[in-house]
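Please examine the sequence and the model displayed here. The dialogue that follows takes some of its features in turn.

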Amino acid sequence: MPRRTMIEAIRDAMDVSMGRDDKVVVFGEDVGFFGGVFRCTQGLQAKYGKSRCFDAPINESGIVGSAIGMAAYGLKPCVEIQFADYMYPAYDQLTQEAARLRYRSNGDFTCPIVVRMPTGGGIFGGQTHSQSPEALFTHVSGLKTVVPSNPHDAKGLLIAAIEDPDPVIFLEPKRLYNGPFDGHHDRPVTPWSKHELGEVADGHYTVPLGKAAIRRTGSAITVLAYGTMVYVAQAAVEETGIDAEIIDLRTLLPLDLDTIVASVKKTGRCVIVHEATLTSGFGAELSALVQENCFYHLEAPVARVAGWDTPYPHAQEWDYFPGPARVGRALLETMEA
Amino acid sequence: MADAGMLRFHVPEPEVRPGGTPDFSNVTVPKAGSVPRPEIDVDPRTIRDLAFSIIRVLNRNGEAVGPWAGLLSDDELLAGLRHMMTLRTFDARMQMAQRQGKTSFYMQHLGEEAVSCAFRKALSPGDMNFPTYRQAGLLIADGYPMVTMMNQIYSNEADPLKGRQLPIMYSSKEHGFFSISGNLATQYIQAVGWAMASAISNDSRIAAGWIGDGSTAESDFHSALVFASTYKAPVVLNVVNNQWAISTFQGIARGGSGTFAARGLGFGIPSLRVDGNDYLAVHAVAKWAAERARSNLGPTLVEYVTYRAGAHSSSDDPSAYRPKTESDAWPLGDPIVRLKNHLIRLGVWSDERHAQAEAEILDTVIAAQKEAESHGTLHAGGKPSTRDMFEGLYAEMPPHLRRQRQQAGV
C-alpha cells in the first residue's frame, strides 16, 4: 500500500472528492496556484481548473461567509484557513451562521462545508501560529469537530467530512504533517514513510466521524488524547512502562463516549491530554463525562495534562508543550493515587 | 495655516434632535428624470457621479419621466401598489398583535415598502435574496402566503420554522428568500458566495444581498465588496439607507464618505443611488443591476435613499432620539401615495378604488390572521413541541443530543 505524508493524504482526500463530485470546490489564502503554504492543495487547480480551486483574499470571514452562501446554493466547499489562529474573524460566520442554518431554517437551507485549519504548536510558530482552538468549536451547537492524528485517518476523515451534510471543522495538527511527533523535539524526526499509519490506500474510503480508535490496548489506565498528543502519550506510556489503554478520539464532536466509558470502566483510571490551554479546554468536558459515567469505577481522580493557561510562547515552546515527561508524571501519579 | 493646536475628537451629530424642527435641507433631491441611464456594459469609471445623485422617475405631478421610466405596464404598477398596501396593512395588524401579546416582537416597513416590493419584480424565478429583517415585501410581492408568515410570527403549531426563530426571521428557498439571521451584515458576503457558486456552476441565476445603512460599518460589508469585485460575482448589493440605525443616525456609519453608494467606487463596482420611495425608480435600477449580473458584467451596488417612518422595532421609541414630525418633512414622500397619484394620473386608478382596495386588503389580512390564530399564538393555543427544539440541528441527531432529549423527557 502506498505511504503518504499527512499533507499528501489530505491533498489526496480533496483530489478524490473533487474527482467524484463536481460540487466540491476548494479555496483559501494561497490555496490556488501555489497550493497552500503547507502545500495541501498543490496541483488541484491545475487538475480541476480555477473554478474549482482558487486563491481567496486575506479575509477569513469572507472565505467562510462566501462558503456558506455556496453551500446554500448547493455546492460543497472545502475551505482552508491558513492557520487555526487566523479563524477568529470567521468565528461569527462559523458559530452563528454555518452552525445554525439548518436549525433556524428548519432544513430549508443547509450548510455542508468543511473548514480545514492547521492547529497546534511544536514548529516555533509563537502565539499566532500554534493555537489549538478546538474547544471554541465543540462548545458551539451545530458544528462537528475533527482532529486526525495520522495520514490514513486524515484522508478517510476528510472525505467523510466533505460528504457530511453539516458543517465540519477539520483541525490538522501541523506538527504531524510530515511525521509522527512524540514530543522529543531533540531527536530525529520519523517520517510517515516509516510508520504503519502512513499507509494510505488509493481512491475512495472513509473513516466515519464520531468513532474513536484504540491505539494501544491496556488494563491499568486509560489515556484520552487526539492529534499530536496521541504520540506523546505513546512515548510516555513506553517510558513509564505502564500498561495503558490509549484512545485516539479522532472526532471530538460527535464524541465516541461508548468507547471512552467502556475503557475507563475496565481500567478505573483516566488521564486526559491535550495541547490546548487547560481552563475550559476540551479536557474539562472529557473529565466531566468520565466522572458522570464512570464514577463508581474510578480508583483515582481524573487527571488532565494540557498547555499552560498562557499564550503559546515562542522561545519557551518546549516548556509550554505538554511533552512525554509531564504526561508520564501524570500517569505515575494517577497510578499511585 | 493649518490648525496645529490641541487635538480635538470628532463625533458626528444629526441635524436635529427631539424638540427641534426637522431639517432635510442637506438632502439634495435632483429633478425626476434628470439622471441619465447608462448602457449596462458601461465603464464603471465613467458613471461615478451616479453614486452621488438620486435616480428618480416619479415627479411631483405624479408623472413618470426620464430615461429610467417606461418599464412597467399599468397592470404591473397596479399590482405593485397592491403589494405595498398589503405589506403596510400586514405590518399594522402584526404590530397590533404584538401589542396584544400575541407575539414577542415585530418589525415594520412603514415608508420603505417600495424598496423590497419593487425589487422583487426585477428578479427572475430562481434568483436568491439574502435579506435583512426589513424586506418582507420580497415575500408579499412573490405571493408567499401571508398565513405562513403569520404562523412564523406567532411561533405557533403551523410555524414552518418550528418556533426556533424570532418573529419575522422568515425563510423560503422556494421564494428566493434566504433564512434571516438576526445578526447584521453576515448575509451580505453569503449572497456573494451564492452568486459565485452560480457562476462556478455556469447557471443563469443571480443573487441579491441586502444591508442597512448602519450595518455597512460591519467588516462583512467590506468582505462582500472585496469578493464581489475580485470574482465579478453575479450579485446585486443593496444598501437600504433609511437614515436611522435604531437611534443612531446614518452619519455614524457613513463617516466622511459622501454617500453609502460611494463605498463601491473604490472596488470598481458601478454604484448607483436611487429614490427608495419611488416604486418605478427602484424597479428600473434593480432591473439594470440584475441585467448586468446576468450578463457576466459583475456586481452593482445600489443605495436606496428612504426613510424609516416607523420605529426600528416593537421595542423601540423613536421619539426619544428624533423629532416626531421628521417623517412628514422627509423630502421623498410616501411610496404608496406617490404610486397611487401616478396611477390616478394615468387614469387607471381613483381615490374611490383606492379606498375600496384598502378595505379589501384589510379583509384579506384579517382573514389570514384568523386562520393563523386558529393554529395558536405565542402564549396561547397550539405551539411547536419541546421535541422540535432538539430536532433538525444536524441531519442526524448525535448521541449527546439524544441523551439530552431523553433527559428533557421528550
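Q: How far apart do the end C-alpha atoms of residues 7-44 of chain B lie, and what percentage of the span is helix or strand?

A: This is a predicted model, in which local features need pLDDT of at least 70, side-chain atom pairs count only at pLDDT 80 or more, and totals for chains, interfaces and linings use all residues. Residues are numbered from 1 along each chain as its sequence is written, while chains are lettered from A and ligands numbered from 1 in the order in which they are written. Helices (H or I, at least four residues) and strands (E, at least two) are DSSP runs, numbered from the N terminus. For residues 7-44 of chain B, the end C-alpha atoms are 39 Å apart, with 0% helix and 0% strand.

Q: How many residues of chain A are in contact with chain B?

A: Contact requires C-beta atoms, placed from the backbone, to lie within 7 Å. By that criterion, 36 residues of chain A meet 36 residues of chain B. On the chain A side, α3(A) gives the most, with ten residues.

Q: What is the strand order of the open sheet in chain A?

A: Strands of a sheet pair through backbone hydrogen bonds, either parallel or antiparallel. Pairing here requires at least two bridges found by DSSP. The five strands follow the order β7-β9-β8-β11-β12 (chain A), with mixed pairing. The edge strands are β7 (213-216) and β12 (303-307) of chain A. Three bridges join β7(A) to β9 (residues 244-248) of chain A in the antiparallel sense, and Ile214(A) stands opposite Ile247(A) in β9(A).

Key: Contact = placed C-beta atoms within 7 Å.
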